[in-house]
Amino acid sequence: MTAVSTAKKHPELTPITLWIMTIATGLIVANLYYNQPLLEDITRTFHTTRAKAGQVSMLTQIGYATGMFFLAPLADMVKRKRLMIILFAFIVSSLLVTAMAQSINLLILSSFLLGASSMIPQLLVPMAAHLAKPSERGKKIGVIMSGLLIGILLSRTFSGVISEYFGWRAVYYIAAGIMLVLWLMIGLFLPEVEPDYKGSYKKLMISLIDLVKHEPKLRLAALRGALCFACFSAFWTTIVFLLKQNFNMGSDVAGEFGLVGAFGALAAGLMGRLSDKMDAYKLSGFTLLLILVSFILFYFSGHSIIGLVIGVIILDMGVQATHISNQSIIFALHPEARNRINTIYMVTYFIGGSLGTFFATQLWKNYQWNGVCITGATISIITLAIHFANHPKPVAKTATV
């Protein structure tokens, strides 16, 4: 009954709407990753340790998870466009405070707030899944995820180059200007989507527990995603340290690695189409293997730029394709609860990323690059083991497809 009424009152996912959502997703999510190539510069600015500077990246991701947990479920019970407009005010304010921070602790706090308010992409992705035709859901998610992933990766290129020539603070001033333009764009062009949930916020949040309890596919996808993103974050947090130590290269080169990773992210669109036609479980098994292969390459490429470049492409293809496969599975579960389902998945996902960032900075301090690579490979093997240990029954496989 809910699905029928939803189809009547929600606008269609037109090409223009899809592209606006894709651009917005990429530009907003970039706020979370500007800091990764800047950690070396931040360390020097505040005369602190690399481990302390690493907390800037870690707290940004924890903030993102916090914002998703407490705010994303609201999109099932309030108007989504209105919620986004309000969040933009906090994004712009957080970016300006980050740019002007005079202490590392204030920078860490503002980074947390920036992460929490920049969760708008996690409203846009379920919205696209909600508006898309079921037969094209994977394809449409793939388009938006391509934008999101390219935004993640090119954000490093942008921040690295800007920091090299204008200083790291300029990155956040420019980002604030971009957000003001995007704020206006969303307000003018994005269609409004009416909520489906009629209960209270308290009941809404309690329903998250029921979803976790009764949806094994959601639990498996969330765990698989968290472990993959831990590997992803561990690499991108420490690559700037490796380039400085072994190649005497700065934040601009670390950022340019984002251009390389963008080629892997372009596979997101293809994987979205495949997820509409191919069993998601089999697809995930292949994409998880790519992550393991990438860390084996990284281990032997500590002094080889070519080896690192090849590894980056393989890593990003594996992580992003697994992510889209996971989303195709979870968005097919309960149409009326897509924002809550996405909340559970993405909060778990980013907790995995923040832990990957934290442990990578600690491992670097004690074991350098080899320690990071061995840990990434170990996590990849554990993820593959969990994936294959949860082989779906034939009926479940058909339902997913």
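Reader: Is Ser-57 buried or exposed?

Author: Ser-57 is buried, because its relative accessible area is 0%, where buried means under 20% relative accessible area, exposed over 50% and partly exposed in between, with a 1.4 Å probe and protein chains only. Please keep in mind that this is a predicted model, in which local features need pLDDT of at least 70 and side-chain atom pairs count only at pLDDT 80 or more, whereas totals for chains, interfaces and linings use all residues. Residues are numbered from 1 along each chain as its sequence is written, and side-chain values use heavy atoms, with hydrogens and water left out.

Reader: Where does Ser-57 sit, and which residues does it touch?

Author: Ser-57 belongs to helix α4, residues 50-71, where helices (H or I, at least four residues) and strands (E, at least two) are DSSP runs numbered from the N terminus. Not counting residues up to four places away in sequence, Ser-57 touches Asn-35, Gln-36, Thr-237 and Thr-357, a contact being heavy atoms within 4.5 Å.

Reader: What about Phe-69, which helix is that in?

Author: Phe-69 also lies in helix α4, but Phe-69 counts as partly exposed because its relative accessibility is 33%. With residues up to four places away in sequence set aside, Phe-69 touches Met-205, Leu-208, Thr-343 and Val-347. Phe-69 and Thr-343 are 274 residues apart along the chain, and their C-alpha atoms are separated by 5.8 Å.

Reader: How much of the contact set in the chain comes from residues 24 or more positions apart?

Author: Such pairs account for 85% of the contacts in the chain with a separation of 6 or more. As for the make-up of the chain, there are 17 helices and zero strands, and of its 401 residues 60% count as buried.

Reader: And the accessible surface of the chain, what does it come to?

Author: The accessible surface comes to about 15,700 Å², and 70% of it belongs to carbon and sulfur atoms; these areas come from the Shrake-Rupley method with a 1.4 Å probe, and for residues only the protein chains shown count as cover.

Reader: Changing topic, how many cavities of 30 Å³ or more does a search of the whole structure find?

Author: The search finds one cavity of 30 Å³ or more, and the volume of the largest cavity is about 80 Å³. A cavity here is a set of points, on a 1 Å grid over the protein atoms alone, where a 1.4 Å probe fits but cannot get out, and lining residues have an atom within 4 Å of a point. Grid points are joined across faces, edges and corners, and a volume is the space filled by probe spheres set on the points.

Reader: Which residues of the lining lie nearest the centre of the largest cavity?

Author: The lining has 14 residues, of which Leu-148, Ile-152, His-323, Tyr-349 and Phe-350 lie nearest the centre. Two or more lining residues come from each of α8 (137-166), α11 (216-247), α15 and α16 (338-389). By class the lining holds 11 nonpolar, three polar and no charged residues, with Ala, Val, Leu, Ile, Met, Phe, Trp, Tyr, Cys and Pro taken as nonpolar, Asp, Glu, Lys and Arg as charged, and the others, Gly among them, as polar.

Reader: I also care about cysteines, so how many disulfides does the search find?

Author: The search of the whole structure finds zero disulfides, a disulfide being a pair of cysteine sulfur atoms within 2.5 Å. Cys-231 is in no disulfide, and the nearest cysteine sulfur, that of Cys-228, is 6.5 Å away. Cys-231 counts as buried because its relative accessibility is 1%, and Cys-373 counts as buried at a relative accessibility of 1%.

Reader: What phi does His-47 have, and where is His-47 found?

Author: His-47 has a positive phi of about 50° although it is not a glycine, and His-47 is found in the loop between α3 (39-45) and α4. At 74% relative accessibility, His-47 counts as exposed.

Reader: And Gln-368, what is its phi?

Author: Gln-368 has a positive phi of about 60°, again without being a glycine. Gln-368 is found in helix α16 and is partly exposed, with a relative accessible area of 30%.

Methods:
On a 1 Å grid over the protein atoms alone, a cavity is a set of points where a 1.4 Å probe fits but cannot get out, and a pocket is an open set with protein on both sides within 12 Å along at least five of seven lines; lining residues have an atom within 4 Å of a point.
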